[in-house]
Amino acid sequence: MKRMSRMLMVSTASAVLTAGGTSAVFAQGAGEPRAAAVAPVAADSPRGTLVSLEHLPTLTAGEVAAEPAGDKAGAWDTGAVRYGLDTFRIVYRTVDPHGRPATAGGLLALPHSGERRLRTASFTHGTELFKGDVASVSTSVWGQALALTYASAGFAAVLPDYLGLGLSPGPHPWMDVPSETTAALDTLRASRAVATVKGRQVRREVLVTGFSQGASAALGLARSLEEGTDAWFRLRAVAPISGAYAFRDAELPALLAGRTNPKAGVIYSTLTLVAFNRLHHLYDTPAQVFRAPYDHTIEGLLDGAHTGQEVEAGTPDSLGALLTPRGRTMPAHPTGRLAAALRSVDGVCADWTPQAPIRLYHADGDEQAVTANSVHCHAALRARGVHAPLMGLGTPDYGGSRHLGSQQAGTAAVVR
């Protein structure tokens, strides 16, 4: 789920190539990236090992407050701003969905709080189609505001990019909770190493949150931490915002029935087929699920190198113009590999029993992640004896979108 108000990631970034051939994306006008502060490491290094570290802008508390406050007539709540901060772009070793060595990136922000031992907040972001729209490489308020909000309140703010986005090569495995989880955990590990180099320490207990696609990723990370996957980090609390936790039973039916923003239905249905096919082989040729002329263009359009504007322009306005009968039947009545993949996505609520405090934030009338997702998650957790209150955010608005507005309102609530 994502920034549909800017239809679909309006971006000001351009792609360049870094040493070694790794695909990277940097904002136009930002100049060349600074030299990496970490020596080259072997491809089989442990997960979370730093590959590179770049010191990004240092901001005073006044600059932090002015940055998000100027966006959309002050849509970001700056009431928690207390400190200036340093931001860092990190690249680290992780694994791909098949367990093979890979690299990914993220953003780390450390507050000028005077505290040596820092509380740690992990934020996993919503859907981004373009590599250059994630926090570590974007200069937009939307991309940076989360890091600024948490770090200026005194947290070590850790924002993973996910595989295939930012400085990570290859396509992004969209809504693949296992790889989102490994990327988020390995970003924490790399951030801990950076904090140590900077004379700080991140505490063991992690406060986990995320928005939209990142809400499911947040629950995946929370589960991993509670299961003791890492020897250092532990889950303190989790607060996801506006997630698609019931992707099969709530979100896909809403997309296909036109109960969401029409373009959202087209884009997310397309992502479901293309991204899941890359991992699970749902069809042999695009023509089996996409109508002409989109069968020749749609997979290339979702390669991470095209901006949201380009994706919007390259897709039709209705599912009828996009999908073949088979293409519509597959998400409407999932079977086989697709059904198995969707069970993994929806397992973030159904397959574990959180011990740490959990709250589920949502907006009324969300036009992208329909409220039924949060209701399903709440019911699934309650059935396992978990107290997971639904935290209504009302009808927040960001650029005409309640879904996007829920990120601003939810972030303000969570950081408090």
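In this predicted model, Pro293 is located in the loop that runs between H6 and helix H7, the latter spanning 298–301. The peptide bond that joins Ala292 to Pro293 is cis, with omega at about 0 degrees.

Helix H6, which covers residues 262–280, packs with helix H5, residues 247–256, at an angle of about 130 degrees, and the axes of the two helices lie 8 Å apart. Angles of 65 to 115 degrees count as roughly perpendicular and those over 145 as roughly antiparallel, and H5 and H6 are therefore oblique to each other. On the H5 side the contact is formed by Phe247, Leu252, Leu255 and Leu256, which meet Ala264, Gly265, Tyr268, Ser269 and Thr272 of H6. By class, the residues of this contact of H5 with H6 comprise six nonpolar and three polar, with no charged residue among them.

The loop between E7 and H3 contains two residues that can be described together. Tyr162 lies in this loop and, although it is not a glycine, has a positive phi of about 80 degrees. The relative accessibility of Tyr162 is 1%, and this residue therefore counts as buried. His172 is found in the loop as well, between strand E7 (156–160) and helix H3 (177–197), and is likewise classed as buried because its relative accessibility is 12%, the cut-off being under 20%. When neighbours within four places in sequence are left aside, the residues in contact with His172 are Tyr162, Leu163, Gly164, Leu165, Gln213 and Arg278. With one of these, Gln213, the contact includes a polar one between the two side chains, at 3.2 Å.

A positive phi also occurs at Ser212, where the angle is about 60 degrees although the residue is not a glycine. Ser212 is placed in the loop between strand E8 (201–211) and helix H4 (213–226), and its relative accessible area of 0% means that Ser212 is buried.

Thr94 belongs to strand E4, which comprises residues 85–95, and counts as buried because its relative accessibility is 3%. Neighbours within four places in sequence aside, Thr94 is in contact with Arg47, Arg100, Pro101, Ala102, Thr103, Ala104, Leu163, Thr182, Ala183 and Asp186. The side chain of Asp186 is joined to that of Thr94 by a polar contact of 2.6 Å. Thr94 and Leu50 are 44 residues apart along the chain, and a separation of 9.9 Å is found between their C-alpha atoms.

The structure contains one disulfide, in which Cys349 is joined to Cys377 with an S to S distance of 2.0 Å. The torsion about the S-S bond of this pair is about -90 degrees, so the disulfide is left-handed. Distant parts of the chain are linked in this way, since Cys349 lies in helix H11 (residues 336–350) and Cys377 in helix H12 (residues 372–383), the two cysteines being 28 residues apart. Both Cys349 and Cys377 are buried.

Terms used
Residues are numbered from 1 along each chain as its sequence is written. This is a predicted model: local features need pLDDT of at least 70, side-chain atom pairs count only at pLDDT 80 or more; totals for chains, interfaces and linings use all residues. Side-chain values use heavy atoms; hydrogens and water are left out. Helices (H or I, at least four residues) and strands (E, at least two) are DSSP runs, numbered from the N terminus. Buried means under 20% relative accessible area, exposed over 50%, partly exposed in between (1.4 Å probe, protein chains only). A polar contact is a pair of N or O atoms within 3.5 Å; within protein, one must be able to donate a hydrogen and the other to accept it, and residues adjacent in sequence count only if both atoms are side-chain atoms. Contact means heavy atoms within 4.5 Å. Axes are lines fitted to C-alpha atoms, for helices over the stretch in contact, and angles run from 0 to 180 degrees between N-to-C directions. Angles under 35 degrees count as roughly parallel, over 145 as roughly antiparallel, 65 to 115 as roughly perpendicular and the rest as oblique. Ala, Val, Leu, Ile, Met, Phe, Trp, Tyr, Cys and Pro count as nonpolar, Asp, Glu, Lys and Arg as charged, and the others, Gly among them, as polar. A disulfide is a pair of cysteine sulfur atoms within 2.5 Å.
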